[in-house]
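Look at the structure, then work through the answers.

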Amino acid sequence: LFSGGIAHTVLCVGDEMAVGSYESIVTLNPAHVEHFLRTGSTKGPYEMQTAMPKDEFLDILDEVLDQFGEVADQISDGGPAKVQAMTEVVSETWRGLIAGLHADEKLRQTLYQYFISAVHLCERKSRYLRRRMPRKVLKA
């Protein structure tokens with residue numbers, strides 16, 4: 001699990017080799033959200049000497065609020081399957097994968113529960129997020 005303060009490069013070795021890099025990723029899994037919210041900790045087991053500056057982390061928290069708002073809009077519109085279909089050209093394989101995800105009720109319910117948990121964790125663990133959480137997110 002990577003925190004949001006450090007860029008990463010990953011090397012995957014198997015029958016073929018692949019290299020990928022990214023700034024950070026945080027899923028809705030509650031354990032990942034809790035870990036993310038400790039970015040910038042200056043004491044305890046999550047303390048990092050090289051963590052990003054606080055103002056940069058606050059910018060990321062603002063992006064979290066934006067993303068939560070987009071999820072709340074999707075929920076109020078009936079979920080991702082009800083959102084306007086992709087307009088770009090994609091392969092039939094990709095369309096089939098997306099259709100399978102939309103049809104998976106258990107996955108949808110799990111993601112919704114993770115979303116609710118993530119919002120509650122952010123409210124409990126971050127005064128910054130608690131004070132700025134949009135009402136539509138809390139109603140979702």
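Helices (H or I, at least four residues) and strands (E, at least two) are DSSP runs, numbered from the N terminus. This is a predicted model: local features need pLDDT of at least 70, side-chain atom pairs count only at pLDDT 80 or more, and totals for chains, interfaces and linings use all residues. Residues are numbered from 1 along each chain as its sequence is written, and side-chain values use heavy atoms, with hydrogens and water left out.

Q: In which helix is Arg131 found?
A: The protein has six helices and two strands. Arg131 is found in helix H5.

Q: Is Arg131 buried or exposed?
A: Buried means under 20% relative accessible area, exposed over 50%, and partly exposed in between (1.4 Å probe, protein chains only). Arg131 has 63% relative accessibility, so Arg131 counts as exposed.

Q: Which helix gives the most to the positive patch?
A: Patches take residues with over 30% relative accessible area and no salt bridge; like charges are joined within 9 Å, nonpolar side chains (Val, Leu, Ile, Met, Phe, Trp, Tyr) within 5 Å. A salt bridge is a side-chain nitrogen of Lys or Arg within 4 Å of a carboxyl oxygen of Asp or Glu. Lys54, Arg127, Arg130, Arg131 and Arg132 gather in this surface patch. Four residues come from residues 127–132, which is helix H5.

Q: Which residues make the nonpolar surface patch of about 460 Å²?
A: Accessible areas come from the Shrake-Rupley method with a 1.4 Å probe; for residues, only the protein chains shown count as cover. Strand S1 (8–13) and strand S2 (17–22) each supply at least two residues. The patch is made by Leu11, Val13, Met17 and Val19.

Q: Is Met17 buried or exposed?
A: Met17 has its place in strand S2. Its relative accessibility is 62%, so Met17 counts as exposed.

Q: What distance separates the C-alpha atoms of Arg135 and Ala72?
A: Arg135 lies in helix H6 (residues 135–139). Arg135 is exposed, with a relative accessible area of 68%. Arg135 and Ala72 are 63 residues apart along the chain, and their C-alpha atoms are separated by 9.6 Å.

Q: What share of the contacts with a separation of 6 or more comes from residues 24 or more positions apart?
A: Contact means heavy atoms within 4.5 Å. From the N terminus on, the elements run β-β-α-α-α-α-α-α. For residues 24 or more positions apart, the share is 54%.

Definitions and conventions. Lys, Arg positive; Asp, Glu negative; His and termini not counted. Charge placed at Lys NZ, Arg CZ, Asp CG, Glu CD.
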